[in-house]
Amino acid sequence: MSGIPRVVLLAGGGGGARMARGLYGLSGAVNPLVVTNPGDDFEHLGLWVCPDTDSVLYAVADAIDPKRGWGRRDETWSVLAEIERLHGPTWFSLGDRDIALHLLRHAGLSGGKTLTEVTSDLAVALGIRAMRIIPASDQPVRTFVHTADGVMEFQDYFVARGCAPRIEKLEYRGAEQALPNSQLLSFLGEGCDCVILGPSNPYLSIAPILAIPSIVDALAKADTVVAVSPIVNGEAIKGPLAKIMREKNLEPTVGSWVEEMKTMYPSFIDLWVFDQRDAAFAEQLRAQGDRVLIGDTVMTGAAEKTALVRQVLAECVVDV
Ligand code: FO1
């Protein structure tokens, strides 16, 4: 495809947010659309919380707390302290600045705006230019975790219970009725050089997006579909992925991840990206005929984030 590269990034959790920040570092040289995971969204204290969308917004605006990897940098917690004093629920920590964003989202949604419109308003307010950030759907798609302890909302599993319950099944509630975001479909309709699946948990961060009907087929029309490994050297970069894989009787290796992705989405991924610590496996996969790329998938600093995106685009589009 000629002209400025058109790139879609599927972003869930911290890995997706870091990659979105890397993509933002190439502003002007690419036309990016970031699609966020709706599976973690839930209602808390009457506010609609969209953790993965907000991680992308905050990361791209360079406003994310670098230590926690979620929420606002330079946060204060007066409201949470007061909620505690009033015996309200404090298991989920919304900081003061974060609450301001949530109040604006609430006002926008209550006033009849779609989640896409509200997210766009928030992006502009945070100073984000030249990058569209949209939820995968305007209808709710929420991950429910079926465990031996019962069925629970994702944040109940993740935050309240620290991912302790053993997962028996994951349900992406609402996905079957949800429509893919129309902005995604029109972006893809105008041609897309590259779809990147960020280094995110395939079950919790990528699957809720891809569970929306027809979205895989629409994304597959891109010239190249790239998957970045969320596993490095036998460990998940962050979060419960290794534990979940063990619960499925899988070793948390890049090999198991590739097999899982190929089983879940047959013939979908054109290019696999691994960290340099998994170079031996990458070469093995290359020898079997798969396209692979080796880089720094952990992306600790700003330079590393942009470097990985640049490397991916150089492989599947042109040098940017
Ligand atoms: N994660 C936690 O472990 N504890 C929290 O109290 C918490 C609050 C929170 C508030 C806003 C937000 O955007 C994210 C928050 N997260 C918290 C992170 C969130 O649960 C996870 O990052 C994602 O859902 C997993 O990708």
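How many nonpolar, polar and charged residues does the lining of the second largest pocket have, by class? What they show is a predicted model, where local features need pLDDT of at least 70, side-chain atom pairs count only at pLDDT 80 or more, and totals for chains, interfaces and linings use all residues. Residues are numbered from 1 along each chain as its sequence is written, and side-chain values use heavy atoms, with hydrogens and water left out.

View A. The ligand has 14 residues around it, and Asp40, Asp52, Phe92, Ser93 and Gln155 are the closest (a residue counts if one of its heavy atoms lies within 4 Å of the molecule). An N or O atom in the side chain of Asp40 sits 2.6 Å from one oxygen atom of the ligand. With Gln155, the side chain again brings an N or O atom, 2.7 Å from a ligand oxygen. Ser93 uses a backbone N or O atom instead, 2.8 Å from an oxygen atom of the ligand. On its own the ligand has 530 Å² of accessible area, and the protein covers 87% of that (Shrake-Rupley method, 1.4 Å probe). Helices H2 (51-60) and H6 (154-160) are the elements giving two or more residues to the shell, and H6 gives the most, with four. (Helices are DSSP runs of H or I with at least four residues, strands are E runs with at least two, and both are numbered from the N terminus.) Sorted by class, the shell comes out as eight nonpolar, three polar and three charged residues.

View B. The structure holds nine aromatic pairs, and one of them is Phe154 with Tyr157, a tilted pair at 6.4 Å centre to centre and 45° between the planes. (Ring centres must lie within 6.5 Å; planes under 30 degrees apart are stacked, over 60 edge-to-face, and the rest tilted.) These two are about one helical turn apart because they are three residues apart in H6.

**View C. The second largest pocket.** This pocket holds about 160 Å³ of space. Its lining includes Tyr172, Tyr203, Ile244 and Met264. Strand S8 (167-173) and helix H10 (241-247) are the elements with two or more residues in that lining; S8 gives the most, with five. As for the opening question, the lining has six nonpolar, no polar and four charged residues.

View D. Searching the whole structure turns up one cavity of 30 Å³ or more, and the largest cavity has about 40 Å³ of space. Among its lining residues are Leu197, Ile206, Val228, Trp257 and Met261. Helix H8 (202-210), strand S10 (224-228) and helix H11 (254-264) each supply at least two lining residues. By class, that lining has eight nonpolar, two polar and no charged residues.

**Terms for the views.** On a 1 Å grid over the protein atoms alone, a cavity is a set of points where a 1.4 Å probe fits but cannot get out, while a pocket is an open set with protein on both sides within 12 Å along at least five of seven lines; lining residues have an atom within 4 Å of a point. A volume is the space filled by probe spheres set on the points. Ala, Val, Leu, Ile, Met, Phe, Trp, Tyr, Cys and Pro count as nonpolar, Asp, Glu, Lys and Arg as charged, and the others as polar.

Terms used. A polar contact is a pair of N or O atoms within 3.5 Å; within protein, one must be able to donate a hydrogen and the other to accept it, and residues adjacent in sequence count only if both atoms are side-chain atoms. Rings of Phe, Tyr and Trp (its six-membered ring) pair if their centres lie within 6.5 Å; planes under 30 degrees apart count as stacked, over 60 as edge-to-face and the rest as tilted.
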